[in-house]
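Hello,

Here is the structure I promised to hand over. Please open it first; my notes follow below.

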Amino acid sequence: MIKAILIFNNHGKPRLSKFYQPYSEDTQQQIIRETFHLVSKRDENVCNFLEGGLLIGGSDNKLIYRHYATLYFVFCVDSSESELGILDLIQVFVETLDKCFENVCELDLIFHVDKVHNILAEMVMGGMVLETNMNEIVTQIDAQNKLEKSEPPVMEVHLQKSTLLERKRFLHL
Amino acid sequence: MESPGLTFPFGTELRCHTLFFCCEATPESEGKSKEAEIKRINKELANIRSKFKGDKALDGYSKKKYVCKLLFIFLLGHDIDFGHMEAVNLLSSNRYTEKQIGYLFISVLVNSNSELIRLINNAIKNDLASRNPTFMGLALHCIANVGSREMAEAFAGEIPKILVAGDTMDSVKQSAALCLLRLYRTSPDLVPMGDWTSRVVHLLNDQHLGVVTAATSLITTLAQKNPEEFKTSVSLAVSRLSRIVTSASTDLQDYTYYFVPAPWLSVKLLRLLQCYPPPEDPAVRGRLTECLETILNKAQEPPKSKKVQHSNAKNAVLFEAISLIIHHDSEPNLLVRACNQLGQFLQHRETNLRYLALESMCTLASSEFSHEAVKTHIETVINALKTERDVSVRQRAVDLLYAMCDRSNAQQIVAEMLSYLETADYSIREEIVLKVAILAEKYAVDYTWYVDTILNLIRIAGDYVSEEVWYRVIQIVINRDDVQGYAAKTVFEALQAPACHENLVKVGGYILGEFGNLIAGDPRSSPLIQFNLLHSKFHLCSVPTRALLLSTYIKFVNLFPEVKTTIQDVLRSDSQLKNADVELQQRAVEYLRLSTVASTDILATVLEEMPPFPERESSILAKLKKKKGPNTVTDLEEAKRERSADVNGGPEPAPASAASTPSPSADLLGLGAAPPAPAGPPPSSGGLLVDVFSDSPSAVAPLAPGSEDNFARFVCKNNGVLFENQLLQIGLKSEFRQNLGRMFIFYGNKTSTQFLNFTPTLICSDDLQTNLSLQTKPVDPTVDGGAQVQQIVNIECVCDFTEAPVLNIQFRYGGTFQNVSVKLPITLNKFFQPTEMASQDFFQRWKQLSSPQQEVQNIFKAKHPMDTEITKAKIIGFGSALLEDVDPNPANFVGAGIIHTKTTQIGCLLRLEPNLQAQMYRLTLRTSKETVSQRLCELLSEQF
């Protein structure tokens, strides 16, 4: 089972946290900090698995992570999950984000908290893998977008992302 | 990390931005802007709060915007204590956008105890009934994410219907399967098994692979608890797997991931099969073997893509197949192939694969078939220990060396671990120390090697040598006289080092105090030199070590009369006699006095060599288990223990009497009139040993360590703590009248996490059942963190009985299964009614009960101080009347009473004669029934 999914940047700022076991708000923040501490001090090119921190359940749990430029994607899982399977799942998650946001960047995760959660919800539910097929996930998200658009329009969103940041293309598939 | 085949996303650094609101502190300006961040967030929260509370109704967009902001603020670690009501309103809306954001807020921010759950449940109920697949999906997600008991109560009956209904859409089926799984995990008692179970199994044949994946996860969890009910899933899973494995990579279209057909589903199916033994049906078995062979073959084929995703997916399946092969542990051919494959991975350039190979080999090492094959890789593993850059990988290498260790390679492995210890990461040193200590003890052919190894451990990593380790070496030296001289010589030499670790001083002090005489013949280690050497370390040591050394000195006074005056001078010095530390001062005063007043004979008796310690399981093992978590070490240890049971008479578990290793310094001398009575609950480490036995959920755990002691404590009293470990405390309160009784059992959850499936069971043997009738009601299967639940047992004594019922408690804590058994102190004497009588009556009845079957007598040594008042209290606590002025000898105790059973009443007389000089008792019981005399005598004898 997946206990938690965390995304934070190189400075440890959380960008997404999703816990599939009840933890108090305080503990959630401590887990994020602990995990950041464990993961960020590791060299590049070492292995992608390590034993979980004490707060998330110690050595019964593993942290499986990938580091993408400015962001760490960390899945905390128990022994019933396949390490390599989860590693690929992180990749599917990122590729899906990229498809849905067209060149996703860190800001997208902040501006679209809801969307990111929705995409994740299509992949993982209650700590179990729901869907792994990217096309299926994207189809579901597209259907949601369509549904949103079909509803009477709401006030226009004034996002000025482009003026704030030069966007870098981030997935060269 | 492996270099991924993609160039990477998230290349944009994020700086302060004003879009949402500027709330981020950049690391360069941490201090000041942290304050600014909090200020800004508080302002924003106040703003949102006023918007929510304001008179003007918010439009849908604004609501959504503010809820999103709250989510983001929450993510940054700030408490959000409002907005829930707005979220509930949103999710009750008919607009998709509002509903969706409302559900999102609730699943991120509501904990399972919220009162809002009822409102939310209503909305969910409507959405589930809406037949709109999008709404149903949102509702199911919310249930799965919150997963509270209230939700389980409301929906556990409904969801199986959605799952197996013919007209349910695939995406909803997927969600329903995982939703049900979540509810089963949190509240298994609320998920009814029924017709749907067989139909769920058939989902393994579903067209839609997403549905099959979700269903496989569900079935795996259900099958772990109800293997019989889901047995049919084995053949279906095998045929599904076979179809995937043999399919061309294009057959499964979207579910083919980088040329690997449905890797996640394959992994899940292989996991499901690990819930069962190898299939019995030869056809199914053959097909499965074929699948596994195909997977192993594919590993040898050239990769279809250079992308790391391809090899990850392929190897994920391969590792899972190997796990299944190891789990079945029945096909030597496959096991050898698996071992060879893992051997290849040990040298792979991908760190991830080396890590996983080391990990899998650990489990393989415990299989009879492949233990030898694993051992052939020893050089590679040792090399990994020396050259791996990543500490996680090195740790796996240590684990594997530990797992593959046996008599043939113990010396090599221990030597390698010791040399690695010199440079090992601080984070894993303590664990390595424990492992070395365990291996050195377990595989010691020659105990001089063991002593050397432990002293080396202290030298290299003294700070990481815990008490358990050095207590253990002392126990072993004391128990084996063949190694005592060598140990004395070795510690003496080790102490010569100008700077030695305090733990070495402790071990050295203790061993020389006991066996220093064995080397005193050598002029280079004469008594005075030994003393001076130890005393030169004295002032650098901590208080407990100094206390231990003082005890060593007084032992020297006995061993070597020639240094008596030197030692008395030291004891008499102000720094000892007037030491600010009470313990040190007291020892100095008492030892000095003892050395002056006691004759040589008395000194020799008081300061006699320590008797051998009772053989017991090494507490180091328990410590290692604690460090590694109960699940990781247990299986391996169990397997290893079975293999090595005969080695060295092994550290066999001693089920009932095992307690933690006692501190030798605590009762080094056994000074004083008598040892203090053991009091209080069993040592907390006793609970660790419970884990060792609690592997299989169905089996009843053997009695918890200390259970017998605790049982005995309750013979003469009715209330108190019966059992305690780190998780659970069991308290008792009971009352008895005539042949009836009532016992209140209190189960306290000492943790902050819920216990699930909490099931206490009373177990009586058939014999006992006919004589003692117990009635109770089941307790709530969930025990919240910090909570206490109570169970009432109604007791009726039908006929006299000897055994005691066993209370077995099983529950899940976190991910682990706990299983504890304790003897429940319902004893025959509880049904005593005291009877007062005069001296004349007593002796008249005493004579009437003089046939040999009626009298049982026991002569035994006192285990506790022989205190008249305590003895009286115990006899009264035992239930009989205490008759004064009856026995002509006033030092004796006599008692009388009637044991009430449903069928009969049995008169009982007892007499206890203490002999202070010999520290012995004689206890005589006379009753009209032989078995009663026998049992009462047994019970009461244990009390003194």
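Take C799(B): it is in no disulfide, and the nearest cysteine sulfur, that of C797(B), lies 7.2 Å away. C105(A) is another cysteine to look up: it is buried, at a relative accessible area of 2%.

Keep in mind that this is a predicted model.

Next, chain A. It has 6 helices and 7 strands. Read from the N terminus, their order is β-β-α-β-β-β-α-α-α-β-β-α-α. Of the 173 residues in chain A, 65% are buried. Its accessible surface is about 6400 Å², and carbon and sulfur atoms account for 51% of that. Now take the contacts in chain A between residues at least 6 apart in sequence: 52% of them join residues at least 24 apart.

Then the cores. In soluble globular proteins, nonpolar side chains tend to be buried together. The largest nonpolar core here has 271 residues. I2(A) and I124(B) have the most contacts inside it. What does I2(A) touch, leaving out residues up to four places away in sequence? Its partners are Y20(A), F75(A), C76(A), V77(A), E81(A), I86(A), L89(A), V124(A), G127(A) and V129(A). A second, separate core has 59 residues, including V715(B), Y747(B), L774(B) and L936(B).

Best wishes

Terms used:
Residues are numbered from 1 along each chain as its sequence is written. Chains are lettered from A and ligands numbered from 1 in the order in which they are written. This is a predicted model: local features need pLDDT of at least 70, side-chain atom pairs count only at pLDDT 80 or more; totals for chains, interfaces and linings use all residues. Side-chain values use heavy atoms; hydrogens and water are left out. Helices (H or I, at least four residues) and strands (E, at least two) are DSSP runs, numbered from the N terminus. Buried means under 20% relative accessible area, exposed over 50%, partly exposed in between (1.4 Å probe, protein chains only). Contact means heavy atoms within 4.5 Å. Accessible areas come from the Shrake-Rupley method with a 1.4 Å probe; for residues, only the protein chains shown count as cover. A nonpolar core is a set of buried Ala, Val, Leu, Ile, Met, Phe, Trp, Tyr and Cys residues joined through side-chain atoms within 4.5 Å. A disulfide is a pair of cysteine sulfur atoms within 2.5 Å.
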